[in-house]
Structure formats: C-alpha cells, structure tokens
Amino acid sequence: MSGYTAHFRVWRGDAEGGGLEDFKVEVNEGEVVLDIIHRIQATQASDLAVRWNCKAGKCGSCSAEINGRPRLMCMTRMSVFEQDETITVTPLRAFPVVRDLVTDVGFNYQKAREVPAFVPPADLGPGEYRMFQEDVDRSQEFRKCIECFLCQDTCHVVRDHEENKTAFAGPRFLMRVAELDMHPLDAAETSGLDRKRTAQDEHGLGYCNITKCCTEVCPEGIHITDNALIPLKERAVDRKYDPLVWLGSKIRRRPAGG
Amino acid sequence: MATGTEPHQNSGGVRARTRAAISAPHLRTDRWWLAPAVTAAGLFAFVVYSTWRAFSNAHYYSAPYVSPFYSPCLAENCKAMPSGPNADLFGSWWAISPAIIILIFPLGFRLTCYYYRKAYYRSFWASPPACAVAEPHAKYTGETRFPLILQNVHRYFFYFALLVAGVLTYDTVLSFRDTHENWGHMGLGTLVFLVNIVLIWAYTLSCHSCRHIVGGKLKHFSKHPVRYKAWQFVGRLNARHMQLAWASLVSVALADFYVYLLASGVFDDPRFF
C-alpha cells in the first residue's frame, strides 16, 4: 500500500463546548490511528490534546472512540478502513471531557478505591505464598487488564445513565471483585468480608444485564462477561437468592473456601 | 476552539452536560443494527411457531415419534402413546393443550439464560441496541428490581431442564422402534431426534449456572480434581453457548415440525431399517 490522503474528523473542544473538525492528512503503510493523530498534531493542530504513552497496547492511555467504537488508537490499524472512508475520532463519551481527546477518567479511580484490597492470609508471611497454577488461572486472566477503561466507557449502565455512577462499579471493577473472590489465598471471608454479597450490595452487580459490550471492546481479549461477571452473579445467587445453598450451609460444615 | 457546538443542556447519558458535546446518539458507521435485527426476527419467528404448535393440541404424535413440545405429556387429554412419555398427573380437569404444562420449564430456562438475556435485552428492549449506541430509556435499574431480579432463579430452571432433557432422551430411544413398537428400527425421524437431543444436551450442559455448580463456585480447583475436569469440560461447551442456544432452538422446532408433517399425513417417515 502506498501513501494516501485520508479524511479525518476529530472532536475538538472542552467542557464549554466543541465539535468535529475536519482534517486531510497523509497516511503511510503500516500506520495506526494514533500515528495519524500525531501527524495532525505535528502539522495542522499543534494544540490538539491527546493522551498516549506506550504505543504498544499495554499502557491503556490512548482510549478513544473511532467511528463510534471504543478502541485503543495505537492498536487500530489504518488498513482496516477504506481509503475513501471518513474516520471520526472522539473522546470517550462516558466520561467528562477535559479537552479534545482527553477525558477525566477519575470515576474509575474512585471505583477502584471502593473495592477492598487483597486480604493476606494470617498464617503466611511474605515469601511464603504457594499456589497451584490451576487455582490462580482465573485470577490471572483478569490481571491482564491494562486499565484502558474501554469496558467502563462502553457499558451502557453508566454511559447512558450518569445517575448510575454512584451505585455501579462497572465491569472493570466487578472483575476486580471476581479476581479477588477467586484468588486462592484471599482471606477476606475469614476476616468478615463477604465479596460475593458486597458485589451485589455495594458494587451494583445487579445493574449488569450481561449484554457483553465490555467483552467486545476489551483490547486484551479478557472474557469479562463469561469468566468474571456471570460467575460473580452466580456467586451472589449462592449468597442471596438460592434457598438450597443457604440450607446446605446451615446443615453441614464446609471447609472455608472450598 | 473548534466549531461552536454548545455543551448539552438538560439531557442525560452521552449527552450529559459534562461529556463531549456531540448530539448524535452514536457515531458508528458499521451495520450495528443487523445483529439485533436478525436476533429479533429469529426469536420472534420461534415464538410465533411455538405458540401455534403449543396451543394447537394436535398432530404431535406419530408412532414412534412424539413432538418435543408435548413431552412429557402430563394430562388425561394426551394422545395414547405406547410406552411413551405419558403420565396423567393433571387428570381430566386440564382442558387445554398439555404442551402448556411442560413448556413452562424449557421456556423459563431459555428466558433466564444468560445468552438469551443478552439477545433480548439488545434486540427487543434496546438496552443497549448495540455497543456504544445510546439506548432510548430515561431510567435503567438492570436486574436489581422486580421483575428482572427473578433472573436469578436461572439455576432452578437448569435443574428442570435436566429432567426435560432426560425425558427427550427417552423419546429418542423410543424412536428406534417401528410403528408397531418393535425395537431395532430406524427412520429419518430417528436421525432428526438424535441430532436434536445431542444439541439439547450440549446447550443444557453449556449453561453458565451448570458451569458454576460443577466447579465454578470452588476457590481451590487443586483440592477437587474431578470437579475441575468437569468445570473445564463445561467451560469448553460454555464458550459456544450462543451457537448451541440457536442450534438447539432450531433443532427442537425442526423435530416438532417433522412430527407435525408425519402426524398430519404430509408424508411417511422414510425408514432406513
């Protein structure tokens, strides 16, 4: 593919207002959308604000919406578009805009703080943790998260309903709850913290209607819905909605953690 | 500053005041509407067909085949089916189609299924219609309140679905008879029933609740190697839950339609041996 000129529409503005601005810009073989945004910044709009860092799909900084779809700009190849296609780049539309393509993702840090951290087992010191691989496989999948917040951005629970931001942690942080609840050494339960119950009561798991958009946009390919959110919903059912499990827990003693 | 679009006034969601001032509910350029449209059409077609068949109370038995919509048949007004899945639990007072008694369970299983929830929330309720496409509702409480909080009973429908799948397996075994109840025979209908029951079991066992029950609820797989294997097996099926949901939905309708064609005399079952 030789170079060509592409038509870009980039949202520019701030909290006071803004709109889509047109750019004709050169595209070369092998480039990604972030390269083009950088070229616009270098040649036509030196004050264009864009957040980026690694350009390798690992830092999660350059999240944006490209032709209406939440994506990492550095992982979106220009070759996926037709040469005569207009490419629209906007900031994440679930979060307050700061300027141009930069949004205030502070909501996510707030929600991260609300999830109680890993509870170390009382009888093990640093360096004494031993785990079987099959016991940590599930949690390790969730550790691939690069905190790009694309899943938070696309989740309609908060994207389309600002008022739900208080009650709902979003897929990324419900996945964090699942990660800890499935962790073989997390001692939350023995310390009196029931993550299965708090997922529903304090982090708003019930708001999730498992429409899988979080999974669709995850650049790390984490099966957020199938492996984190639905298993967490089933665990919440164990605690709150299943009389047989409740009865079983009263009748026989089960070793902590299973 | 770019063009003079003012911030959004008095509106929510992606048009909330603090968000980037873009008036369009979405900027997607792909055919995002296709998947929910096809899903809605498919589910609607099945609902229409199954409603007609369930209430028709006719043409559901043609020896040795019984329609999966009418099995088990639990009322006195069921057709006589030699060694078939009859059990007169409801007596003579049940006057309408006996299919209604049993269809509640597979219907409940599929209505509360995690895949079908996604399918109908998106395609019928537009909540959301597609990813990053604004939904039309002013309020959203998800599955936190009645009636949607009842989705949490899915595992109980799963238990019933196991029983129904067991009965349909029995029906498939019975299909290895001829019209005079002699064993060791097979017709095209037997093949239809075999395909259907394999898909029904695959869909039932690929259920997310099943995955949780067999092993997903455990914290330490290393202490439960058999359940870990079972969880892995169900997990492999679970990855194809959507495909199995559709395949088994089509196959159960086809199995019923096949029996309908035989029972209404459209053609005779081609016998292999």
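Predicted model: local features only at pLDDT ≥ 70, side-chain atom pairs only at ≥ 80, totals over all residues.
Reader: What makes 4–103 and 106–251 of chain A two domains?

Author: The bounds come from an automatic or database domain assignment. That assignment gives domain 1 (4–103) and domain 2 (106–251) in chain A. The C-alpha centres of the two domains lie 32 Å apart.

Reader: How do you know that domain 1 of chain A is in contact with domain 2 of chain A?

Author: Contact means heavy atoms within 4.5 Å. In chain A, 15 residues of domain 1 are in contact with 15 residues of domain 2. The area buried between these domains is about 1100 Å². Carbon and sulfur atoms give 55% of that area. On the side of domain 1, P70(A), A94(A) and F95(A) lose the most area to domain 2. Together they make up 46% of what that side buries.

Reader: Why is the pair E220(A) and K58(A) called a salt bridge?

Author: The cut-off is 4 Å, from a side-chain nitrogen of Lys or Arg to a carboxyl oxygen of Asp or Glu. In E220(A) and K58(A), the closest N and O atoms are 2.7 Å apart. That is within 4 Å, so the pair counts as a salt bridge. The rule finds 2 salt bridges across the interface of domain 1 and domain 2 of chain A. It also finds 6 residue pairs in polar contact there, both at pLDDT 80 or more.

Reader: Which elements give two or more residues to the side of domain 1 of chain A that touches domain 2?

Author: They are β3 (63–66) and β4 (69–72) of chain A. The residues of that side divide into 8 nonpolar, 3 polar and 4 charged.

Reader: How many residues do chain A and chain B bring to their contact?

Author: Chain A gives 72 residues and chain B gives 62 residues. The two chains bury about 5600 Å² between them, 50% of it on carbon and sulfur atoms. R93(A), R138(A) and E234(A) supply 13% of the area that chain A buries against chain B.

Reader: What makes R155(B) and E234(A) a salt bridge?

Author: Their side chains meet at 2.9 Å, N to O. The limit is 4 Å, so this pair passes. Across the interface of chain A and chain B, the rule finds 7 salt bridges. The count of residue pairs in polar contact between these chains is 41, both at pLDDT 80 or more.

Reader: Which helix gives the largest share of the side of chain A that touches chain B?

Author: Helix α9 (residues 224–240) of chain A, with 9 residues. The residues of that side divide into 26 nonpolar, 19 polar and 27 charged.

Conventions. Residues numbered from 1 in each chain as written. Chains lettered and ligands numbered in written order. Heavy atoms only, no water. Buried area = accessible area lost by both parts, 1.4 Å probe. Polar contact = N/O pair within 3.5 Å; in protein donor to acceptor, adjacent residues only side chain to side chain. Helix = DSSP H or I, 4+ residues; strand = E, 2+ residues; numbered from the N terminus. Nonpolar A, V, L, I, M, F, W, Y, C, P; charged D, E, K, R; others polar.
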